[in-house]
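Hello,

Here is the structure you asked about. My notes on it follow below.

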Amino acid sequence: MRAWRVTRPGPIGSAAPLWFGEEPVPVPGAGELLVRVLCCGVCRTDLHVVEGDLPVHRRGVTPGHEVVAEVVSVPDGYGGAAVGDRVGIPWLRQTCGVCRYCLRGAENLCPRSGYTGWDADGGYAEFATVPAGYALPLPAGYSDEELAPLLCAGVIGYHALVRAELPENGVLGIYGFGGSAHLTAQIALARGARVHVMTRDPAARELASALGAASVQGAADAPPEPLDSAILFAPVGELVLPAMAALDAGGTLAIAGIHLTDIPALNYQRHLFRERQIRSVTSNTRAQAREFLTLAQRYPLRVSAHRYPLERADRALLDLSLGRFDGAAVLVP
Ligand SMILES: [Zn+2]
Ligand SMILES: [Zn+2]
């Protein structure tokens, strides 16, 4: 099969950090499904793995954790998906099931968790494996390419929305408007929120307006009204300051990324006082993923997916790093 591997983590635009070539189809381990990849979304976390912002967990890993796939083989006695079914492989791939986080329903915080495309090979390939209990059922009514971005961008955005504690019919600010943000905005709008979008990218601004944002302005500009909740999707620590300043008293900012540049010094009065809060977001639980995919079934989401052939994964990552498209990129073998 054809597959990509991260051989020398470094800037995507300079010396090639990635290898692409032929290799054997992976052999599923005990309790794993073997799947044929139908497509795989390109997430900013892949860029962090490729560029070395995240430490190497597996040498020469195949990136990709928004995998829409067809089941090729299942473990003996497995009662879930059958051969030929369409399943999703997300970022969260393994948890211990016995630690205090797992036991209280916060498996996203499990210290022994493992991740697709970081600890184990992911979907920038023609075939992949996944522990059967971590494959996700997929909603109907979407094409393969529309489903891929839902699996991480959609699920993590949903988790961020939950962490931001948006009140009923509240006012939400979204900072950065890419793959995750454009899906999260639609869930918030479908549930009655007023959404203000802050982004530097003209194409993303157009998409935000088309989806029903109440206002759209520059990345660090003030929204036209105080925010009950805000989500920072752009991996830019400087934006924490304007986002905190834009919060109403008691408001919450959730930072959705796995990696963020340094946050400049906060001013207590201007950024935090009056019970404003900052929260981080770490992966998601399987229960949240299923909850989001059920919502995606109820509220048909418009997914802006840009198709790249598998062999152009390097180009897709470069375009992502340069903000050359709105919405999400999807690799198709
Ligand atoms: Zn655990
Ligand atoms: Zn992701």
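Which residue's side chain does the side chain of His65 join in a polar contact of 3.0 Å? The partner is Asp46. Please keep in mind throughout that this is a predicted model.

Zinc site

His65 sits in the loop between α1 and β4 and is buried, at a relative accessible area of 1%. Through NE2, His65 is one of the ligands of the zinc ion (ligand 2), together with the SG atoms of Cys43 and Cys152, at 2.0 to 2.2 Å. Along the chain, these donors are spaced as C-x21-H-x86-C. Cys43 belongs to the loop between β3 and α1, 22 residues away from His65. Like His65, Cys43 is buried. Apart from residues within four places in sequence, the contacts of His65 include Cys40, Thr45, Ile89, Pro90, Trp91 and Thr116.

Thr62

The loop between α1 (44–51) and β4 (67–73) also holds Thr62. With a relative accessible area of 1%, Thr62 is buried. A polar atom of the Thr62 side chain lies 2.9 Å from the backbone oxygen of Trp4. Not counting residues up to four places away in sequence, Thr62 touches Ala3, Trp4 and Arg5, and also Gly117, Ala120, Asp121, Gly122, Tyr124 and Ala125.

Nonpolar cores

The largest nonpolar core contains 49 residues, and Leu150, Ile174 and Phe177 have the most contacts inside it. At least two residues of this core come from each of β3 (32–42), α4 (153–163), β10 (171–175), α5 (179–190), β11 (194–198), α6 (202–211), α9 (286–298) and β17 (328–332). The largest share is that of α4, with six residues.

Phe177 touches Ala204, Leu207, Ala208 and Leu211, and its other contacts beyond four places in sequence are His182, Ala185, Val197 and Thr199.

Helix α6

Which residues of α6 are buried? They include Ala204, Leu207, Ala208 and Leu211. Viewed down the helix axis, the buried residues of α6 stay within an arc of 100 degrees, so they line one face of the helix. Pro202, Glu206 and Ala210, on the other side of α6, are exposed. The cover over the buried residues of α6 includes α5, β11 and β12 (215–217).

Salt bridges

Side chains of opposite charge can pair when their charged atoms come close. How many salt bridges does a search of the whole structure find? The search finds 13.

- Glu70 and Arg36 form a salt bridge through their side chains, at 3.4 Å from N to O. Glu70 is in strand β4 and Arg36 in strand β3, 34 residues apart. Glu70 is partly exposed at 28% relative accessibility, and Arg36 is partly exposed at 34%.
- Asp144 and Arg86 form a salt bridge at 2.7 Å, N to O. Asp144 is in helix α3 (residues 144–147) and Arg86 in strand β5 (residues 86–89), so this pair ties together parts 58 residues apart in sequence. Relative accessibility is 24% for Asp144, which counts as partly exposed, and 29% for Arg86, also partly exposed.
- Glu225 and Arg194 form a salt bridge in which the closest N and O atoms are 2.8 Å apart. Glu225 lies in the loop between β12 and β13 (227–232), and Arg194 lies in strand β11, 31 residues apart. Glu225 is partly exposed at 22% relative accessibility, and Arg194 is partly exposed with a relative accessible area of 41%.
- A network of salt bridges links Arg5, Glu23, Arg58 and Asp121. Arg5 and Asp121 are also among the residues that Thr62 touches.

Glu275

Is Glu275 buried or exposed? Glu275 counts as exposed, at 67% relative accessibility. Its place is the loop between α8 (268–272) and β15 (277–280). Leaving aside neighbours within four places in sequence, Glu275 is in contact with Gly250 and Gly251. Gly251 is 24 residues from Glu275 along the chain, and their C-alpha atoms are 7.2 Å apart.

Regards

Notes. Residues numbered from 1 in each chain as written. Chains lettered and ligands numbered in written order. Predicted model: local features only at pLDDT ≥ 70, side-chain atom pairs only at ≥ 80, totals over all residues. Heavy atoms only, no water. Helix = DSSP H or I, 4+ residues; strand = E, 2+ residues; numbered from the N terminus. Buried < 20%, exposed > 50% of the residue type's maximum accessible area, 1.4 Å probe, protein only. Polar contact = N/O pair within 3.5 Å; in protein donor to acceptor, adjacent residues only side chain to side chain. Contact = heavy atoms within 4.5 Å. Core = buried A, V, L, I, M, F, W, Y, C linked by side-chain atoms within 4.5 Å. Donors = N, O, S within 2.8 Å, 3.2 Å for Na, K, Ca; no water. Arc of directions from axis to C-beta. Salt bridge = Lys/Arg side-chain N within 4 Å of Asp/Glu carboxyl O.
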